[in-house]
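Hi,

Here is the structure I said I would pass on.

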Amino acid sequence: MSVRHDLPPEAERGSVRRVTVVGEEILGRRCQEVTEFGTAELSALIDDMFLTMHVADGAGLAANQVDVDLRLFVYDCPDDDGIRHVGHIINPVLELSGPGSRRLVDAPEGCLSVPGATMAVPRTDRAVVRGRDKDGNPLVIEGTGYFARCLQHEADHLEGHTYLSRLSKRDRKDALRQMEDRREDVFAQRAAKAQNLGR
């Protein structure tokens, strides 16, 4: 997911990592549960993910998008009321409303691992994610609108799916064509932003 924000405090401590691209094996398999909490390595990974997400103008980033096989994602994303949500969640379990109260919204979606492509994807307008923070404390995150879309998009990553798997064959080909046309420009923009930050 992509959006532009000021640098979040977590990113100040981080280092930029390479973002994996669709077709890489790690993006196509379910990620492993995190079993150790409160470690320096886990904190450093989260900081790195925040900075990497910021440099790539992202709204969310899953661990497998920085080539780490763990069930974790970070987010810095507004909802439809303009409220900014910043945080991380580990071992998330996504809960969606039942079919009776579920409202699907078709809206444009991008992905840092599908650089340069944007396609309309149907998502529910509300989502709840339950998991833990980096110290192992229980977390419940509720999202509506664009933030709900972000939570669903990142939870998909941890199951081994990009948003391309939710598209028709034709739309998937269109997205991959967009990526081929634009990816080098996207990579150049990310490199320039990292350089401007002195990273």
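Before the notes, a definition: I call a residue buried under 20% relative accessible area, exposed over 50%, and partly exposed in between, using a 1.4 Å probe and protein chains only. Helices (H or I, at least four residues) and strands (E, at least two) are DSSP runs, numbered from the N terminus.

Bear in mind that this is a predicted model, where local features need pLDDT of at least 70 and side-chain atom pairs count only at pLDDT 80 or more, while totals for chains, interfaces and linings use all residues. Residues are numbered from 1 along each chain as its sequence is written, and side-chain values use heavy atoms, with hydrogens and water left out.

Helix H3 first, since that is where the burial comes in. Of the 14 residues in H3, 13 are buried, so the rest of the structure largely encloses this helix. After H3 comes Gly160, with a positive phi near 90°.

Now the sheet. Five strands make an open, antiparallel sheet in the order E1-E2-E3-E6-E7; two strands count as paired if DSSP finds at least two bridges between them. E1 (60-62) and E7 are the edge strands, each with a single partner, so one side of each has no neighbour in the sheet. On average, neighbouring strands are turned by 35° against each other, direction ignored. For that angle, axes are lines fitted to C-alpha atoms (for helices over the stretch in contact), and angles run from 0 to 180 degrees between N-to-C directions.

Going through the pairs:

- E2 (residues 72-78) and E3 share 7 antiparallel bridges. Cys77 sits opposite His85, and Pro78 has Arg84 as its bridge partner. Their hairpin has 5 residues between the strands, and Gly82 there takes a positive phi near 85°.
- E3 (residues 84-95) and E6 (residues 126-132) run antiparallel and are joined by 4 bridges. Ile90 is partnered with Arg132, and Glu95 stands opposite Val128.
- E6 and E7 (residues 138-144) are antiparallel too, over 7 bridges, with Val129 opposite Ile141. This hairpin also has 5 residues between the strands, and Gly136 has a positive phi near 95°.

One more residue from the E2-E3 loop is Ile83. Ile83 is partly exposed, at 47% relative accessible area. Ile83 and Glu95 are 12 residues apart in sequence and 21 Å apart in space, C-alpha to C-alpha.

Last, the second largest pocket. A pocket here is an open set of points on a 1 Å grid over the protein atoms alone, where a 1.4 Å probe fits, with protein on both sides within 12 Å along at least five of seven lines; lining residues have an atom within 4 Å of a point. This one has a volume of about 160 Å³, meaning the space filled by probe spheres set on the points, which are joined across faces, edges and corners. Helices H2 (40-55) and H4 (169-196) are the elements giving two or more residues to its lining, and H4 has the largest share, with 4 residues. Among the lining residues are Val16, Arg18, Thr52, Phe187 and Arg190. The lining divides into 7 nonpolar, 1 polar and 3 charged residues, where Ala, Val, Leu, Ile, Met, Phe, Trp, Tyr, Cys and Pro count as nonpolar, Asp, Glu, Lys and Arg as charged, and the others, Gly among them, as polar.

Cheers
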